[in-house]
Amino acid sequence: MPRKKPPATDDAPLVLTPPKTTKPRTKKAKASNRRVRTTPTVAVVTMLDGVGVTLDVNDVLTKNERYTPVRFGKRIAQREMPCSIAYKEAVKLAAVKCCGAAVLLGKGIRTGLWRLEVHSTWPTQRHHDDGTDTAFGDSDAPIAMVKDAMQHAGIIDDDMRIVGETTHAVYQKGVRRTVAILRRVSAEDHAAQAAAVLAVLG
């Protein structure tokens, strides 16, 4: 049986525990919160050498900022977050401004294989125990957002055409940004690059 605590005696010392207190959030702290957006999402799409596409967005999203779980009885679905919707609509508007209504009519990229390079800038930093400093954001987090936004905008008919990605993540205080470059790759080059990876394993 569990031992019972001895009853308190009249001469036992009284121990007072102060209530837990939290520092009030300042305007600066709110502004640095990763979920706060103080400016509207804006994107710029340009053509690269007549065949490639560049994308520049003044935002970068974590994976958790794209969708949130919503329960419907026993079923759980995913609801798209407002910042994700704003991102895709900004890219769509920029694509129309760059390429005209053709992208809305399904006349974007419809052939070939493509590679994507994504450079993400994050507003906060992580300090590791070994003294290394990195951006406080996964380098692969923007990939799915960029691919979905490009397909949503009509830049590419199917993001499965994008068969390879390269990512870079950097820190710049208070700055959120995503820069992406979409380039065509031949089937032969893609096969050679894939074979080179497997060749490392012997």
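Predicted model: local features only at pLDDT ≥ 70, side-chain atom pairs only at ≥ 80, totals over all residues.
Modeller: Local features need pLDDT of at least 70 and side-chain atom pairs 80 or more, while totals for chains, interfaces and linings use all residues. Residues are numbered from 1 along each chain as its sequence is written, and side-chain values use heavy atoms, leaving out hydrogens and water.

Biologist: In what order do the elements of the protein run from the N terminus on?
Modeller: Helices (H or I, at least four residues) and strands (E, at least two) are DSSP runs, numbered from the N terminus. The protein has 4 helices and 9 strands. Their order is α-β-β-β-β-α-β-β-β-α-β-β-α.

Biologist: Which elements do the buried residues of H3 pack against?
Modeller: Buried means under 20% relative accessible area, exposed over 50%, partly exposed in between (1.4 Å probe, protein chains only). H3 spans residues 141-153, and its buried residues include Ile143, Met145, Val146 and Met150. They pack against helix H2 (82-99) and strands S2 (52-57), S5 (113-122), S8 (162-171) and S9 (177-185).

Biologist: What percentage of contacts between residues at least 6 apart in sequence join residues at least 24 apart?
Modeller: A contact means heavy atoms within 4.5 Å. Among contacts between residues at least 6 apart in sequence, the share joining residues at least 24 apart is 70%.

Biologist: Which residue takes a positive phi in the hairpin of S3 and S4?
Modeller: Two strands pair if DSSP finds at least two bridges between them. S3 (residues 67-72) and S4 (residues 75-80) pair in the antiparallel sense over 6 bridges, and Val70 has Ala77 as its bridge partner. The hairpin has 2 residues between the strands, and the positive phi, near 65 degrees, belongs to Gly73.
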